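User: I want to learn how to read aromatic contacts in a model. Can you walk me through them?

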Amino acid sequence: MFPLYDSSPRTRFPIINYLIIALNIYVFYLQLTASSFERFTTQYAFIPGEFTFYNPESYLYILSSIFLHGGLFHIASNLWFLHIFGDNVEDRLGHLQYLLFYLGGGIVATLAQYAVDPGNMIPVVGASGAISAVSGAYFVLFRHSKIKSLVVLGIFLTTANLPVWFFLGYWFVLQLVSGVGSFDVMSSTEGGVAFFAHIGGFVFGWLAAHLLPQNKPANDII
């Protein structure tokens, strides 16, 4: 399933969400134009095995890593999800609170991946942990929304209006199952998907949506 658009309107221009998207694109441009894509990425990525809780510099790499991506499909899919869900969450939380929430979600998501595999020396990059936090908040704040989705049925493609609880609920269960399955390949020399960053980010967003004050009452469309 791939989201095309959602049914929930917004009342304010999502300036922070668009700036975050633009910053991600700019950083990816820097990666592409660097003398070595891999060296540039590794230099600013979060490497679990090098993280030290008592070293402030370690946290800077967490922040820089959530604006890096491993390839065109990686950044395109991440930013599309952010475009679909981020504008509504920003509308509900407010601009500044949304920015802090997004960065906080990225940090928590990265530390969740670190917690399950702290010795791994493979660089962790990508905005998907922070975007998972946004998705977790959307799950709570826009629980009656519908997601127009592209659905693959064997060799056929179709579209469907899916309840957000089904779309994001299915996605979260898939991350849980894949995360458990990834234990066998952790600490290997090959990279993979940071499923526990997705899980940690989503749980953070779900909890934060219950605790953070919102700037306007619910106005979901059923």
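**Reading the aromatic contacts**

Analyst: F40 and Y44 lie four residues apart in helix 2 (residues 37–44), so about one helical turn separates them. Helices here are DSSP runs of H or I with at least four residues, strands are E runs of at least two, and both are numbered from the N terminus. The model is predicted: local features need pLDDT of at least 70, side-chain atom pairs count only at pLDDT 80 or more, and totals for chains, interfaces and linings use all residues. Residues are numbered from 1 along each chain as its sequence is written, and side-chain values use heavy atoms, leaving out hydrogens and water.

User: What makes two rings a pair, and how many aromatic pairs are there?

Analyst: Rings of Phe, Tyr and Trp (its six-membered ring) pair if their centres lie within 6.5 Å; planes under 30 degrees apart are stacked, over 60 edge-to-face, the rest tilted. That rule gives 22 aromatic pairs. F40 and Y44 form a tilted one, 5.1 Å centre to centre with 55° between the planes.

User: Is F40 buried or exposed?

Analyst: Buried means under 20% relative accessible area, exposed over 50%, partly exposed in between (1.4 Å probe, protein chains only). F40 is buried at 19%. Y44 is partly exposed at 35%. Next, F51 and Y59 pair edge-to-face, at 5.2 Å centre to centre and 80° between the planes. F51 is buried at 8%, while Y59 is partly exposed at 29%.

User: Which residue has its charged end over the ring of F142?

Analyst: A charge sits over a ring if NZ of Lys or CZ of Arg is within 6 Å of the ring centre and within 35 degrees of the ring normal. R92 does this, 4.5 Å from the centre of the F142 ring. F142 also belongs to one aromatic cluster with F2, F81, F85, Y138 and F167.
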